[in-house]
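Q: I would like a close look at a single part of this chain, followed by an account of the surroundings in which that part is found. Please keep the description careful and connected.

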Amino acid sequence: MDTSDNGHSAGRRRRKRSAEFKAKVVAACRQPGVSIAAVALANRLNANLLRRWVVAVEQAQPIATVSAAPARSTVDNRTFIPIQVERSAVTTAQEISIELRRGATVVKVSWPLAAAADCVVWLRELLR
């Protein structure tokens, strides 16, 4: 069944948006932390249509880095830069220290680091 009158539809017509309007809403979508759906609602647009506009712009020109992002290093990414790290007390500890408190009672247990697997078994039994 043809509902057109001489080839022209009597129903709703497709709206045309200006390039300036599209650029404005796409720019709003590309801001950090902004959802496309929220921008679409605010501008009375369909979110899927707005997403197509954003994708088209991104394909035409890649997203520029945000100015709030840290500056790129001038050192080539493939360059190895050795750094010295101080050994902390945690990495040089030779035992596992556990402190259990229940009310006024405090129990401190020291377990050899070499027997860590046995410590796990003991803790599982204790905490059942």
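Looking at R44, is this residue buried or exposed, and what is its relative accessible area?

A: The model is a predicted one, and the description below should be read with that in mind. R44 is exposed, because its relative accessible area is 74%, and the cut-off for that class is over 50%. As for its place in the chain, R44 sits in the loop that runs between α2, residues 36-42, and α3, residues 47-60. The backbone at this position carries a further detail: the phi angle of R44 is near 55 degrees, which is a positive value in a residue other than glycine.

R44 also belongs to a group on the surface, where R12, R15, R17 and R44 gather in a patch of positive charge. A search of the whole structure finds one, and it is formed by R101 with E99, whose closest N and O atoms are 2.6 Å apart. In general, side chains of opposite charge can pair when their charged atoms come close. The two partners fall into separate classes of accessibility: R101 is exposed, since its relative accessible area is 64%, whereas E99 is partly exposed, since its value is 39%.

Of the 128 residues in the chain, 12% count as buried. The chain exposes about 11,900 Å², of which carbon and sulfur atoms supply 53%. When contacts between residues at least 6 apart in sequence are considered, 31% of them join residues at least 24 apart.

Q94 is placed in the loop between α4, residues 89-92, and β1, residues 95-102, and Q94 counts as exposed because its relative accessibility is 63%. Once residues up to four places away in sequence are set aside, Q94 touches P112 and L113. P112 is found in strand β2, which covers residues 105-112, and P112 is partly exposed, given that its relative accessible area is 48%. From the side of P112, with neighbours within four places in sequence again left out, the contacts are with Q94, E95 and I96.

P112 and Q94 are 18 residues apart in sequence, yet their C-alpha atoms are 6.4 Å apart in space. For Q94 and S110, the separation is 16 residues in sequence and 9.8 Å in space, again from C-alpha to C-alpha.

To return to the part you asked about, R44 lies in the loop between α2 and α3, it is exposed with a relative accessible area of 74%, and it is one of the arginines that make up the positive patch.

Key:
Residues numbered from 1 in each chain as written. Predicted model: local features only at pLDDT ≥ 70, side-chain atom pairs only at ≥ 80, totals over all residues. Heavy atoms only, no water. Helix = DSSP H or I, 4+ residues; strand = E, 2+ residues; numbered from the N terminus. Buried < 20%, exposed > 50% of the residue type's maximum accessible area, 1.4 Å probe, protein only. Contact = heavy atoms within 4.5 Å. Salt bridge = Lys/Arg side-chain N within 4 Å of Asp/Glu carboxyl O. Patch = residues over 30% accessible without salt bridge, like charges linked within 9 Å, V, L, I, M, F, W, Y side chains within 5 Å. Areas by Shrake-Rupley, 256 points an atom, 1.4 Å probe, with all protein chains shown as cover. Lys, Arg positive; Asp, Glu negative; His and termini not counted. Charge placed at Lys NZ, Arg CZ, Asp CG, Glu CD.
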